Amino acid sequence: MAGARDERSRAQAGTSGSGPVARIRTFPGRTLGRCLLLTAGWLAAALAALGAVLPLLPTTPFALLAAGCFARSSPRCHRWLLATPLLGPVLADRQAVEKQPAGGGHGWPLGEASA
């Protein structure tokens, strides 16, 4: 009888007799944080799209903010953002610049002048 109770408690806890089950648990704080990041990501993506059309609104900072929010909250939305024809090239260019080596000739102008 004690063995049956142990099996039921393991099943309810998400583990079996052989080891833990690969199951993601959600906690209220993480769900709220994920919702806030998704909301911030969509707002930043909308502002970045407007910035691509309006001359006074910057595109790149909002696109980077949206990419960061989506990377932490939703891989699906992050992939979508990178695949969009409007904002995807902006993010791809930024990633290419960040991958340049320090002495690659694309550094800060003042740093190159003093070297």
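**View 1. The outward face of helix 4 carries Pro 75, Arg 76, Arg 79 and Ala 83.** These four residues are exposed and sit on the face turned away from the buried side of helix 4. Exposed means over 50% relative accessible area, buried means under 20%, and partly exposed lies in between (1.4 Å probe, protein chains only). Helices (H or I, at least four residues) and strands (E, at least two) are DSSP runs, numbered from the N terminus. This is a predicted model: local features need pLDDT of at least 70, side-chain atom pairs count only at pLDDT 80 or more, and totals for chains, interfaces and linings use all residues. Residues are numbered from 1 along each chain as its sequence is written, and side-chain values use heavy atoms, with hydrogens and water left out.

**View 2. The buried side of helix 4 holds Cys 77, His 78 and Leu 81.** Helix 4 covers residues 75-83. Seen down the axis of helix 4, the buried residues fall within an arc of 105 degrees, so they line one face of the helix. The arc is that of the directions from the helix axis to the C-beta atoms. An α-helix has 3.6 residues a turn, so residues three or four places apart point the same way.

View 3. From the N terminus on, the elements run α-α-α-α-α-α. The chain has 115 residues, and 20% of them count as buried. Contact means heavy atoms within 4.5 Å. Take the contacts between residues at least 6 apart in sequence: 43% of these join residues at least 24 apart.

**View 4. Trp 42, Phe 70 and Trp 80 form one aromatic cluster.** The structure holds 2 aromatic pairs. Rings of Phe, Tyr and Trp (its six-membered ring) pair if their centres lie within 6.5 Å; planes under 30 degrees apart count as stacked, over 60 as edge-to-face and the rest as tilted. Trp 42 lies in helix 2 (residues 28-53) and Phe 70 in helix 3 (residues 60-73), so the pair ties together parts that are 28 residues apart in sequence. Phe 70 is buried, at a relative accessible area of 0%. Trp 42 is partly exposed, at 42% relative accessibility.

**View 5. Trp 42 also pairs with Trp 80.** The ring centres of Trp 42 and Trp 80 are 5.1 Å apart and the planes stand at 45 degrees, so the pair is tilted. Trp 42 belongs to helix 2 and Trp 80 to helix 4, so this pair ties together parts that are 38 residues apart in sequence. Trp 80 is partly exposed, at 42% relative accessibility.

**View 6. Helix 3 crosses helix 5 (residues 88-98) at roughly 85 degrees.** The two axes come within 10 Å. Axes are lines fitted to C-alpha atoms, for helices over the stretch in contact, and angles run from 0 to 180 degrees between N-to-C directions. Helix 3 and helix 5 are therefore roughly perpendicular to each other. Angles under 35 degrees count as roughly parallel, over 145 as roughly antiparallel, 65 to 115 as roughly perpendicular and the rest as oblique. Helix 3 brings Thr 60, Ala 63, Leu 64 and Ala 67 to the contact, and helix 5 brings Val 90, Leu 91 and Arg 94. These residues divide into 5 nonpolar, 1 polar and 1 charged. Ala, Val, Leu, Ile, Met, Phe, Trp, Tyr, Cys and Pro count as nonpolar, Asp, Glu, Lys and Arg as charged, and the others, Gly among them, as polar.

**View 7. Ala 67 of helix 3 is buried, at 11% relative accessibility.** Leaving aside neighbours within four places in sequence, Ala 67 is in contact with His 78, Leu 81 and Leu 91. Ala 67 and Trp 80 are 13 residues apart along the chain, and their C-alpha atoms are separated by 9.9 Å.

**View 8. Thr 59 sits in the loop between helix 2 and helix 3.** Thr 59 is buried, at 16% relative accessibility. Apart from neighbours within four places in sequence, Thr 59 is in contact with Ala 48, Gly 51, Ala 52, Leu 87 and Val 90. Ala 52 lies in helix 2 and is partly exposed, with a relative accessible area of 40%. Not counting residues up to four places away in sequence, Ala 52 touches Thr 59 and Leu 86. Ala 52 and Leu 86 are 34 residues apart in sequence and 7.6 Å apart in space, C-alpha to C-alpha.
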